[in-house]
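Visitor: I am new to this structure and would like a close look at one part of it. Please start there and then show me what lies around it.

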Amino acid sequence: MESLRLKKGFICDMDGVIYHGNELLPGAREFVEWLKEEKKEFLFLTNNSQRSRRELQQKIHRLGITVDPVYFYTTALATASFLASQHPGGTAYVIGDAGLTNALYEAGFSINDIDPDYVVVGETRSYSFEKIQQAINLVMKGAKLIGTNPDLVCPTDAGPIPGCGSLIAPIEYATGRKAYFMGKPNPLMIRHALRCLSCGRDETVFIGDQMETDIIAGIHAEVDTVLVLSGVTAKEDLVKYAYRPTFVFKSVGDILKEEI
Ligand SMILES: [Mg+2]
């Protein structure tokens, strides 16, 4: 416990760790206050590429936690950072929302729907037959196919909606090409997030609620991991996995307790 609290960097998944839907989870506010008081370096990480940092900040502010937009890291930012490292000053045709387009612009990319280096697909509700057709043509002409995150489904207040993995599937099927996905469980997401902090892997911990995305990504990125049972995973589920998190807690609030 003490070794955990002495870490310098904390990267936290949000849904199932900080909030669930529109409800703050027990101990989350106290945990974030502690991060601020202790001057920890921290980032809130999400596989969703739709929202900008500012929109995420506003959402969490409505729930009662106030932090600057700079403390959020999305798959849109991670994808832009990755593509800029692969192909500085490259071009992309984007099926996605402002969060993704802006991240690509900020990483030095320009948008091109004639002969782009990449077709990039993120979470979006502005999706059409024409856009899929265009994407297929561009991939067949040589554009590389990138998805921000492999999630097939996104939970919303109005029920599940197709995630990036589902939206990109028709392009994969029609072209016979497999997309490369940047979001969790790809550990690159965490490695790119680490670049935003000024601490090393051994000084950082990743906190999440899913074994197959969060914990495996943390293990592959070689950071210590915390599984919280406030989201989709129950304690009984742990026996099903060949790997384990470094720590398991009921919720993030338990990290602050002397004894559990
Ligand atoms: Mg989660």
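Visitor: In which sense do E6 and E7 pair, and over how many bridges?

Guide: E6 and E7 pair in the parallel sense, over two bridges. Before we look around, please keep in mind that this is a predicted model: local features need pLDDT of at least 70, side-chain atom pairs count only at pLDDT 80 or more, and totals for chains, interfaces and linings use all residues. Residue numbers start from 1 along each chain, as its sequence is written.

Strands pair if DSSP finds at least two bridges between them.

Now for E6 and its two partners. On the E7 side, Thr91 stands opposite Ser110 in E7. E6 also pairs with E8, again in the parallel sense and over four bridges. There, Ala92 faces Tyr118 in E8. To judge how enclosed a residue is, we count other C-beta atoms, placed from the backbone, within 10 Å of its own: buried is 20 or more, exposed is 12 or fewer, and partly exposed is in between. Four of the five residues of E6 are buried, so this strand is largely enclosed by the rest of the structure.

Let us step back to the sheet that holds these strands. It is an open sheet of five strands in the order E7-E6-E8-E9-E12, with parallel pairing. E7 and strand E12 (180-181) stand at the edges with a single partner strand each, so one side of each has no neighbour in the sheet. At the E12 end, strand E9 (residues 144-147) and E12 pair in the parallel sense over two bridges. Gly147 stands opposite Phe181 in E12.

Back at the E7 side, follow the chain into the loop between strand E7 (110-111) and strand E8 (118-121), where you will find Asp113. With 15 C-beta neighbours inside 10 Å, Asp113 counts as partly exposed. Leaving aside residues up to four places away in sequence, Asp113 touches Tyr93 and Gln134. Asp113 and Thr91 are 22 residues apart along the chain, and their C-alpha atoms are separated by 8.9 Å.

Elsewhere in the chain there is another sheet to find. This open sheet has six strands in the order E5-E4-E1-E13-E14-E15, and its pairing is parallel. Strand E5 (72-74) and strand E15 (247-249) stand at its edges, each with a single partner strand, so one side of each is left without a neighbour in the sheet. Within this sheet, four bridges join strand E13 (residues 204-208) to strand E14 (residues 224-228), and the two run parallel. Phe206 stands opposite Thr225 in E14.

In the loop between E12 and helix H8 (188-194) sits Pro185. The peptide bond leading from Lys184 to Pro185 is cis, with omega near 10 degrees. Lys39, in the loop between helix H2 (28-37) and strand E4 (41-46), has a positive phi of about 55 degrees although it is not a glycine. With 7 C-beta neighbours inside 10 Å, Lys39 counts as exposed. Glu222 lies in the loop between helix H9 (211-220) and E14. Its phi is positive, about 60 degrees, although Glu222 is not a glycine. Glu222 has 12 C-beta neighbours inside 10 Å and counts as exposed.

Finally, here is the whole chain. The protein chain has nine helices and 15 strands. Its C-alpha trace spans about 60 × 35 × 35 Å along the principal axes. Of its 260 residues, 46% count as buried. Among contacts in the protein chain with a separation of 6 or more, 67% are between residues 24 or more positions apart.

Conventions
Two residues are in contact if their C-beta atoms, placed from the backbone, lie within 7 Å.
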